Amino acid sequence: MLYEIDFLPVGEGESSGDAICLRYSIDKGNSWVVGVIDGGTQTSGEAVCTHIREYYGTETIDFAVCTHPDQDHASGLSVVMDEMTVNTLMMHCPWDYVDHLFEYVSDGRVTKESLSQRLKDGLPYAFKLYELANEKGIPIHHAFSDNENHGIPFLHTIGPSGNYYLEQVVNFRSITDITEDVVEKDALLRSIMAAARKAVNWISESWDDEKLVDPEDDATSSENNSSVILFFDFNGKKLLFTGDAGVPALEKAADKLETLGFSLQDFSFVQAPHHGSKRNTGPTILNRLIGYPRQKDTDTIFTTFISASKEGEPKHPNKRVVNAFVRRGGKVIATQGSTKCHYSNGVLIVTLIEPGLSDYFEQLEIFQHYFDQIVI
Ligand SMILES: [Zn+2]
């Protein structure tokens with residue numbers, strides 16, 4: 001079985017995003033299943049099209065996934081859908097679930113129609129994909145772990161479940177002012193983040209002294225927790241794509257994997273959630289999902305990819321998160337800078353758009369140095 005995964009760099013400055021192309025073949029490369037998981041920004045959407053044309057030699061994408069409606073994931077997919085033939089779009093369409101969401105509405109002036117409109121206005125990048133799919137007659141698969149009839153071979157949607165998704169939508173930014181059960185966390189979160197950015201302290205972390213702590217359940221947004229979590233089993237090589245999911249969403253995905261009869265802790269490839277943010281992972285979920293910390297200087301046993309922009313640090317990726325993956329046997333690669341990361345059947349190649357092979361080694365060096373200094 002042949003497969004390859006390509007992480008394209010997304011974003012400028014501090015803002016990160018995801019644009020992932022992949023393809024796999026069970027007939028030695030005679031035919032391929034081609035997928036795109038998120039399209040990053042508009043610019044990275046263009047890059048996705050070029051990549052698929054140039055390297056995969058096709059105009060057809062079997063499945064495109066919008067993990068969640070944030071701009072850094074959804075926006076570029078509209079370029080992809082405009083320019084190429086997409087056979088199936090996997091996403092969430094919260095405006096289709098208004099009947100279920102309406103019971104949470106506490107403002108008597110709100111109608112189902114106005115609730116639906118708010119969701120469309122509040123999630124413009126996702127709604128654009130929905131409209132494009134309808135215009136072009138592309139079937140939309142509602143990507144829930146309890147809705148597995150997408151027909152894509154080797155793929156399992158392991159999160160979110162439909163119920164968990166609806167719980168998240170109630171707290172989406174565009175409708176929190178009209179729904180109950182609102183946690184006034186966004187403003188609070190922003191002020192905490194601003195304070196944390198100002199007071200940057202350096203502390204050291206050793207191999208055996210993990211400083212990463214389990215985040216609070218509401219440490220990341222409901223939009224992030226609504227992310228589609230994907231799992232592929234390529235004849236025993238197991239790959240996990242996490243979008244921007246947070247710990248509670250990842251816990252549920254781990255439950256789902258076990259329900260499906262898969263063991264945990266033996267992935268070949270894991271995408272670190274939310275560009276390596278420390279708000280989305282902690283020791284407990286990592287121990288469960290990918291395994292406990294190992295002896296220092298033992299061989300790496302899986303590859304971790306982090307989609308993070310060049311100037312995303314210290315947030316994306318967070319050094320404690322990088323260390324946490326390394327400590328558990330991960331070979332960590334980030335898309336920072338101008339590299340395009342390519343992973344194929346257990347072999348990793350980092351393609352440099354700007355030539356200079358040494359950059360690759362420097363990049364790996366950086367991660368080793370994380371153990372000397374980490375930022376809090
Ligand atoms: Zn993101």
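This is a predicted model: local features need pLDDT of at least 70, side-chain atom pairs count only at pLDDT 80 or more; totals for chains, interfaces and linings use all residues.

Aspartate 244 sits in the loop between strand 10 (237-241) and helix 9 (247-259), and histidine 275 in the loop between strand 11 (269-271) and helix 10 (283-289), so the pair ties together parts that are 31 residues apart in sequence. Both aspartate 244 and histidine 275 are buried.

Next, select Ile52, Leu89, Met91 and Trp95, which touch the most other members of the largest nonpolar core, a set of 47 residues. Helix 5 (residues 124-136) supplies the largest share of this core, six residues. If you centre on methionine 91 and leave aside its neighbours within four places in sequence, you will find it in contact with Cys66, Ala126, Leu129, Tyr130, Ile140, His141, His142 and Ala143. Another core, of 31 residues, lies apart from the largest one, and Ile229, Ala253, Leu286 and Val321 are among its members.

Move on to leucine 101 in helix 3 (residues 98-101), which counts as buried because its relative accessibility is 2%. Beyond the neighbours within four places in sequence, its contacts are Pro94, Leu115, Leu119, Leu166, Val169 and Val170.

The aromatic rings come next, and the model holds 21 aromatic pairs. Select tyrosine 97 and phenylalanine 144, whose ring centres are 5.8 Å apart and whose planes meet at 55°, so the pair is tilted. This pair links distant parts of the chain, 47 residues apart, with tyrosine 97 in the loop between strand 5 (85-91) and helix 3 and phenylalanine 144 in the loop between strand 6 (140-142) and strand 7 (155-159). Then select phenylalanine 154 and phenylalanine 234, where the centres are 5.9 Å apart and the planes stand at 65°, so this pair is edge-to-face. Phenylalanine 154 is partly exposed, at 27% relative accessible area, whereas phenylalanine 234 is buried, at 2%. Both belong to one aromatic cluster, which also includes Tyr3, Phe7 and Tyr24.

For the last stop, select arginine 23, which lies over the face of tryptophan 32, at 4.0 Å from the ring centre.

How values were computed: Residues are numbered from 1 along each chain as its sequence is written. Side-chain values use heavy atoms; hydrogens and water are left out. Helices (H or I, at least four residues) and strands (E, at least two) are DSSP runs, numbered from the N terminus. Buried means under 20% relative accessible area, exposed over 50%, partly exposed in between (1.4 Å probe, protein chains only). Contact means heavy atoms within 4.5 Å. A nonpolar core is a set of buried Ala, Val, Leu, Ile, Met, Phe, Trp, Tyr and Cys residues joined through side-chain atoms within 4.5 Å. Rings of Phe, Tyr and Trp (its six-membered ring) pair if their centres lie within 6.5 Å; planes under 30 degrees apart count as stacked, over 60 as edge-to-face and the rest as tilted. A charge sits over a ring if NZ of Lys or CZ of Arg is within 6 Å of the ring centre and within 35 degrees of the ring normal.
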